[in-house]
Structures are given as structure tokens and as C-alpha cells.
Amino acid sequence: MLHTAATTPSLRGKYAQLLGLSRPVDLSEVPVLTQEEYHETVRQLLENPKHRQGAILSAGGGTLTHPELSMLPDDMFAPQLLARWKPLDSGDVVANLFPAGRLQSAFHFFNVYAALCGATTVPIGHLNDDELGQWLDFLENRGVTALAAPSAVIARVVRMAVASGRLLPWLRKILLSSSGDVTGTAELVGLHLPKAKIWALYCSPASGPIGHNTPDCPADTFHVLPHQYVEIEDERLIVTNTHTESTFPLLRFQTGGLGELVECTCGRPEPTVRLRGQSGAALTFRSRTFAAEELVALACAEAEVAEAQAMLVNQGTAEEQLCLTVRLHHDVPADQYTCGWIRSQILGNHLTLRGAVDEAPDSFEVIAVERLSGASMVGGAPTLVIAEQAPDALFEYEEAS
């Protein structure tokens, strides 16, 4: 794997010292691949027609004008997953509610996977709240038995069903794909739809499916697939994809997840990870995981903005909100810096977040302040503050108003 990785110019120097050793190399000696190195290697691989053949490109971060790409085999490891995880059978009809947005391959993955299971697929995509009720009636009339959707979408379905008095007796299986645990959604489903069972995947845009669980497993616990080697270093998940059909030499890649190795209560013996959230600047908002530095960088690229911070408030709850706090240059009137403007100028250019905010505009808030609370500086560049509760700057702005 080291020799394969070293054929890529951007990684040749990274592994050169290890390649010169006469003894076997332990995996722990291999340096961790950074996000920047990963994206640069993908760009170089795409220049070679050999690597592009049979590959699927999907969003791995970046903006609409400068997207970062991930590269997976065209079957997206679905056959390997099928051997270990099979929630669907030939009698199931699964409605795919994953958004079919630009460069979002999760939608395609569940179509491929359902076909391998012999199930019938109804590919619908994103549903707005005002049309959800009619579509639920449509799905029931078409004999749908399962939903494949992001965790936040399933939570919306459950709340809408409760509010409208729908019991959804036809819904037996829920397939989730997430970069974090789905405990909140699982509790909501268990409370209101006890006949529906959750089958979840833990995925990364770079490596595809990493682990899976069944209704017999805790919602935050995932069994690791055989071709994914997972390490925990300072609580951070590091993944090495060892599959021979991998389109990318993924060695010790840090996914951004936090977790620990555990034994699952279901009794299955595979290596198992319990997730504990995201590390560093990685945020998960309405089932979308993104690098928060990108949001801050987009804000700071605007001429009016001097500094910016991104934070999540009430993460994982129905009141979850993404807040962007900005300090404007002194000659910019704060009253002209509106939420609509920031949505079109900044979030409209973010590959992952644009759709999430369009679904629920009230879940995104922009606040202009005279100073940022607790702002840290790295190399002279403003970074971000991630908080579970609103920082002091928010309340200072309200008092000033």
C-alpha cells in the first residue's frame, strides 16, 4: 500500500523514508494523511485516465466554485457491505429521501445497494415540510416498507407524523447514513414508531461506509467493515481502507470523528466503535458534516467582513441552529448586513450547506458584532469558535440593539 501511495507525486515524499527501510513497517509508523494531502492527491489521480476509470466522484468539502472531491469505486463498496449488513429483502419497497444534489453520491449509493438486495427503489430525493404529508400518503399507497434518508429527515418525518396523527403502520425499516451517531433520531423513532427498526451506516466521504449497526445495536455503536482498519488516537478515528479495489491509497486518514473501541451489546465479535461526536473544526448540521473553516473562509473572503466565527447552538435537538458571527469593517453599516445577503453570498457558495439551509432558513442566523468573543488567531488568520451554547457576543449584540 505504501508503494502504491508513493506513485502519486504529492505522497512520494511523505512515505519515502519508510519505503527505504529493510524491515517490515508497522502501520503506526505511517504518518496520518491530512485533508489537504487527500484532496491534492485526488486532483493528481484525476489527471490519469487509469484512475478515473470506474470511479465515482462525490463532494468531499469545498465550495461550489472550488469543490473538493472524493473518489470511490463505482459500486461504492456496496457488495462488501451487503455481505455483512442486509436490512432489505426482495419484498421491500424503499423510498430514497437522500437529497440528489450536486456531487452528493449518498443518493446514488442507496439506489445501488437496494438493487443488490433485490428491493424495489422509489428515488424521491429531498422533500420540503409543506409537501411531506402528501408524499407520505403517496408512499403508503405505493406499498413502501422502508425509508432511506438522513437522520434529520427521519426526525422531520416522525414529528410531522405525530403532529398530523399518522401512525405510519407501513414503515418497517429505516436506513440511515451518518458521519455521527443517530441516538436522538433513534429515540424519537422508538417513542413514536415502535414497529420501525433502524439500520445505520457510519460513513466518510473519503472512505465510503466504515461501519454499520442493526436494531440490536446501540444507535451510537458501529461494527467496522473488514476492509476498513480503524485506530483510535487521542479519541480521534483514523481509518485505513485496505480493499484492493479502492480507487485511492487511503492510509491512516483522520475522518474527524471522535470515538472509542468497545464491545457491542449485540454480541457480534467484529471490531466496534462507539462514536462521541466530531473533532476540531468539523461540524455536523442537519445531517451534513462540513469543515467549519470553509464557512469562516467564505465569510472572510467578502470585502465587508473583517473576522468571522461559526458555531452550533443546541446541536442535535429540534432547535439546532448554525450561527455565523461576523465583525464588519468599521465603514460597513451593520444594518445592511442581512441574513438574506449572507445566505446568497456565502451559504449559496457552500457545496454542502446550501441545501441544508434552504430546507430550514430559520436554522441559520447571522449576527454582526463589534468584537468576537473568544476569537483565536492562528498565523494572523481568524479561526472559529464552536460552542454548544451561544457565546457572550450574541447577548452583547442583543443588548446593544
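This report describes the sheet, the cores, the aromatic pairs and some individual residues of a predicted model.

## The sheet

Eleven strands make up an open sheet with mixed pairing. Their order across the sheet is S4-S3-S5-S6-S7-S8-S9-S13-S12-S11-S10. Strand S4 (120–123) and strand S10 form the edges, and each of them pairs on one side only. On average, neighbouring strands of this sheet are turned by 35 degrees against each other, with direction ignored.

Ser178 stands opposite Tyr202 of S7.

## The nonpolar cores

In soluble globular proteins, nonpolar side chains tend to be buried together. In this model, the largest nonpolar core contains 38 residues. The residues with the most contacts inside this core are Leu147, Ile154, Leu168, Trp170, Leu171, Ile174 and Val189. Helix H8, which spans residues 151–164, supplies the largest share of the core, namely six residues.

Val189 illustrates how residues meet across the sequence. When residues up to four places away in sequence are not counted, Val189 touches Ile154, Val158, Ile174, Pro194, Ala196 and Ile198. A second core is separate and has 25 residues, among them Ala292, Val305, Ala310 and Ala368.

## Aromatic pairs

A pair of aromatic rings is described by the distance of the centres and the angle of the planes. The model contains eight aromatic pairs. In one of them, the ring centres of Tyr38 and Phe253 are 5.2 Å apart and the planes stand at 50 degrees, so the pair is tilted. Tyr38 belongs to helix H3 (residues 35–46) and Phe253 to strand S12 (residues 253–262), so this pair ties together parts that are 215 residues apart in sequence. Tyr38 is buried, at 1% relative accessibility, and Phe253 is buried at 2%.

The rings of Tyr202 and Phe222 are also paired, with centres 5.9 Å apart and planes at 45 degrees, so this pair is tilted. Tyr202 lies in strand S7 and Phe222 in strand S9, so the pair ties together parts that are 20 residues apart in sequence. Both Tyr202 and Phe222 are buried. Elsewhere, ring pairs link Trp85, Phe98, Phe109, Phe110, Tyr113 and Trp199 into a cluster.

## Cysteines

How many disulfides does a search of the whole structure find? The search finds zero. For Cys217, the nearest cysteine sulfur is that of Cys264, at 3.7 Å. A disulfide requires the two sulfur atoms to be within 2.5 Å, so Cys217 is in no disulfide.

Cys217 is buried, with a relative accessible area of 11%. Cys300, by contrast, counts as partly exposed at 26% relative accessibility.

## Residues in loops

Which residues have a positive phi although they are not glycines? Asp234 has a phi of about 55 degrees, and Glu235 has a phi of about 70 degrees. Asp234 lies in the loop between strand S10 (228–233) and strand S11 (236–241), and Glu235 is found in the loop between S10 and S11 as well. Asp234 counts as exposed, at 70% relative accessibility, whereas Glu235 counts as partly exposed, at 41%.

Thr214 is located in the loop between strand S8 (208–213) and strand S9 (221–224). Is Thr214 buried or exposed? Thr214 counts as buried, because its relative accessibility of 11% is under 20%. Apart from its neighbours within four places in sequence, Thr214 is in contact with Ile198, Trp199 and Arg268.

## Lys14 and its contacts

Lys14 is part of helix H2, residues 9–19. Its relative accessible area is 22%, so Lys14 is partly exposed. Leaving aside neighbours within four places in sequence, Lys14 is in contact with Pro31, Val32, Leu33 and Glu37. Lys14 and Glu37 are 23 residues apart in sequence, and their C-alpha atoms are 9.7 Å apart in space.

Technical notes
Residues numbered from 1 in each chain as written. Predicted model: local features only at pLDDT ≥ 70, side-chain atom pairs only at ≥ 80, totals over all residues. Heavy atoms only, no water. Buried < 20%, exposed > 50% of the residue type's maximum accessible area, 1.4 Å probe, protein only. Helix = DSSP H or I, 4+ residues; strand = E, 2+ residues; numbered from the N terminus. Pairing = 2+ DSSP bridges. Axes fitted to C-alpha atoms, helices over the stretch in contact; angles between N-to-C directions. Core = buried A, V, L, I, M, F, W, Y, C linked by side-chain atoms within 4.5 Å. Contact = heavy atoms within 4.5 Å. Phe/Tyr/Trp six-rings, centres within 6.5 Å; stacked < 30°, edge-to-face > 60°.
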